[in-house]
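Here are my notes on the model you passed along, as numbered points. Have the structure open while you read.

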Amino acid sequence: MKKIKVLIVDDHLVVLRGLRYFLQTQSMIEIVDQALNGLEALDKVEKLQPDVVLMDLKMPEMDGVEATKRITSKFPHMKVIILTSFADRDSVLPAIKAGAIGYQLKDIEPKVLVETIIAAVNGNRMLHPQVTNQLIAHVATDPEVVKGIDILTIREQHVLEQITLGRSNKEIAAELHIAEKTVKTHITHILGKMEVQDRTQAALYAIRNHWFNT
C-alpha cells in the first residue's frame with residue numbers, strides 16, 4: 001500500500017517533534033518534511049508534493065488560513081488539515097472557507113489524528129466536535145438564502161439528504177440501492193446546481209434552509 005506523504009507545519013518545535021515522533025510510528029504515513037510557517041510551507045509543498053499538509057493556524061510570516069488558501073488553490077488534489085489550539089468562530093470559518101478538509105484540536109487522541117489523515121486522503125472531512133458546533137451555529141445565524149430544493153431532481157434530493165446525515169458515498173449507494181459511481185455523478189450535479197464547492201457546503205446549505213426534516 002502506498003504511504004501517505006505528510007508535511008507538518010507549525011512554529012513550535014516541541015509540537016513538530018511530538019507529531020513527527022508519533023506519526024513516524026504509523027506504517028501508512030511518511031513524514032516528508034516540516035515547516036515553521038505558511039510561507040515556508042508553500043515552498044515545500046511545491047517541491048515535495050505531499051498528500052496531506054498538517055497546518056497550524058497562528059504562525060509568523062504567513063498564517064495557516066492564507067497558506068491553506070494558496071495551497072488548495074494551486075494544488076486542488078492536496079489535502080490540508082488544520083491542527084490548532086483554537087476552535088473559535090473567527091478561526092474555524094476562515095479555515096474551512098480557505099479549503100481545509102479537516103480541522104482538529106491539538107488535544108485530540110493520536111489515533112483520531114491518524115483517522116483524520118486517512119479520511120482526508122479519501123476525500124472525507126473529519127472535524128473536531130467543537131468545530132462542528134461552530135459551523136452549526138454559523139448556519140443557524142447566517143441570513144444568506146440559497147435556491148429552493150426544487151432545483152434538484154428527486155433522486156438528487158435523496159442523495160443530498162443522505163449527505164446531511166454524514167454518510168459516505170458507499171453508504172449512500174447501499175441505502176438508495178444504486179451504484180457508488182452513480183452517487184458520485186449525482187453529487188457532481190448537486191454541487192453544480194447549488195453552486196457550492198463541496199458536499200459539506202451543500203449539506204450546510206440544506207440544513208440552514210430546513211430542506212429535510214432530520
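In which kind of crossing does α7 pass α8, left-handed or right-handed? I'll take that up in point 1, after a word on the ground rules. This is a predicted model, in which local features need pLDDT of at least 70 and side-chain atom pairs count only at pLDDT 80 or more, while totals for chains, interfaces and linings use all residues. Residues are numbered from 1 along each chain as its sequence is written, and side-chain values use heavy atoms, with hydrogens and water left out.

1. The α7/α8 crossing. It is right-handed; a crossing gets that label if the near helix is turned clockwise from the far one by less than a right angle, and left-handed if anticlockwise. The helices here (DSSP runs of H or I, at least four residues; strands are runs of E, at least two; both numbered from the N terminus) are α7, residues 154–164, and α8, residues 169–176. They pack at about 130°, and their axes are 10 Å apart. Axes are lines fitted to C-alpha atoms, for helices over the stretch in contact, and angles run from 0 to 180 degrees between N-to-C directions. The angle makes α7 oblique to α8, given that under 35 degrees is roughly parallel, over 145 roughly antiparallel, 65 to 115 roughly perpendicular and the rest oblique.

2. Who meets whom. From α7, the residues are R155, H158, V159, Q162 and I163. On the α8 side they meet I172, E175 and L176. Contact means heavy atoms within 4.5 Å.

3. The buried side of α7. Buried residues in this helix include V159, L160, Q162 and I163, where buried is under 20% relative accessible area, exposed over 50% and partly exposed in between (1.4 Å probe, protein chains only). The buried residues of α7 pack against α8, α9 (180–194) and α10 (199–208). After α7 comes G166, with a positive phi near 80°.

4. D33 and K44. The structure holds nine salt bridges, each a side-chain nitrogen of Lys or Arg within 4 Å of a carboxyl oxygen of Asp or Glu. In one of them the side chains of D33 and K44 meet at 3.2 Å, N to O. D33 lies in strand β2 (residues 29–35) and K44 in helix α2, so the pair ties together parts eleven residues apart in sequence. D33 is partly exposed at 24% relative accessibility, whereas K44 counts as buried at 17%. Leaving out residues up to four places away in sequence, K44 touches L7, D33, Q34, A35 and Q49.

5. K47 and D43. Here is another salt bridge, with the closest N and O atoms 3.2 Å apart. Both residues lie in helix α2, four residues apart, about one turn of the helix. As background, an α-helix has 3.6 residues a turn, so residues three or four places apart point the same way. K47 is exposed, with a relative accessible area of 62%, and D43 is partly exposed at 39%.

6. K106 and D56. What is the gap between the closest N and O atoms in the K106–D56 salt bridge? They are 3.6 Å apart. This pair links distant parts of the chain: K106 sits in the loop between β5 (102–105) and α5 (110–121), D56 in the loop between β3 and α3, 50 residues apart. K106 is partly exposed at 30% relative accessibility, while D56 is buried at 3%. Through salt bridges that share partners, D10, D56 and K106 join into one network. Leaving out residues up to four places away in sequence, D56 touches V9, D10, D11, G64, L83, T84 and K106.

7. Backbone spots to look at. E195 is not a glycine, yet its phi is positive, about 60°. It belongs to the loop between α9 and α10 and is exposed at 63% relative accessibility. H210, also a residue other than glycine, has a positive phi near 55°. H210 is in the segment after α10 and is exposed, with a relative accessible area of 66%. For a glycine case, see G99, which follows α4 and has a positive phi near 120°.

8. Helix α4. The buried residues in this helix (residues 89–98) are S91, V92, L93, A95, I96 and A98.
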